[in-house]
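Here is a short report for a first look. Keep the sequence and the 3D view side by side as you read.

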Amino acid sequence: MMSDTIRHIANEFGVTVEDMVSNNRKSPIPLARHVAGYFLRTHENHTNEQIALAFGGKNQSSVQYGVERVKKMMESNPVFKRRINRLFDELYDLNDDDKA
């Protein structure tokens with residue numbers, strides 16, 4: 001399920017899964033990584049350590065930073081918040097399909 005989430009968000013941001021797990025900081029890769037981390041942490045209840053490992057061994061504090069960054073962006077940018085909410089709706093549909 002974690003890989004499905006990462007794949008879906010990578011696709012949404014026009015990057016590859018390989019980009020997401022790399023050390024590449026070229027836009028929009030870090031934002032995609034942060035959004036995926038936010039979803040995995042807040043909606044799938046993975047630990048920062050699990051998420052860090054899924055992203056190629058990133059630092060756990062980097063995961064937490066990304067989660068907080070997404071929260072702040074959602075508070076200050078209604079367009080970004082709608083995009084994230086749409087992504088969550090799509091991901092829940094994907095996850096529900098997997099359970100059927």
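## Two crossing helices

In this predicted model, helix 3 and helix 5 pack with their axes 8 Å apart, at an angle of about 95°. The two helices are therefore roughly perpendicular to each other (65 to 115 degrees). Helices are DSSP runs of H or I with at least four residues, numbered from the N terminus.

Helix 3 brings Leu31, His34, Val35, Gly37, Tyr38, Arg41 and Thr42 to the contact (heavy atoms within 4.5 Å). Helix 5 brings Tyr65, Gly66, Val67, Arg69, Val70, Lys71, Met73 and Met74. By class, this contact has 8 nonpolar, 4 polar and 3 charged residues. Asp, Glu, Lys and Arg count as charged; Ala, Val, Leu, Ile, Met, Phe, Trp, Tyr, Cys and Pro as nonpolar; the others, Gly among them, as polar.

## The largest pocket

The largest pocket holds about 270 Å³ of space. A pocket is an open set of points on a 1 Å grid, where a 1.4 Å probe fits, with protein on both sides within 12 Å along at least five of seven lines; lining residues have an atom within 4 Å of a point. Of its 13 lining residues, Arg33, His34, Lys58, Ser62 and Val63 are the closest to the centre.

Helix 3 (29-42) and helix 5 (60-76) each supply at least two lining residues. The lining divides into 5 nonpolar, 5 polar and 3 charged residues.

## Glu18

Glu18 sits in helix 2, residues 17-21. Glu18 is exposed (over 50% relative accessible area, with a 1.4 Å probe and protein chains only), at 57%. From Glu18 to His46 is 28 residues in sequence and 20 Å in space, C-alpha to C-alpha.

## Basis

Residues are numbered from 1 along each chain as its sequence is written, and side-chain values use heavy atoms, leaving out hydrogens and water. Local features need pLDDT of at least 70, side-chain atom pairs count only at pLDDT 80 or more, and totals for chains, interfaces and linings use all residues.

Terms used
Grid points are joined across faces, edges and corners, and a volume is the space filled by probe spheres set on the points. Axes are lines fitted to C-alpha atoms, for helices over the stretch in contact, and angles run from 0 to 180 degrees between N-to-C directions. Angles under 35 degrees count as roughly parallel, over 145 as roughly antiparallel, 65 to 115 as roughly perpendicular and the rest as oblique. Buried means under 20% relative accessible area, exposed over 50%, partly exposed in between (1.4 Å probe, protein chains only).
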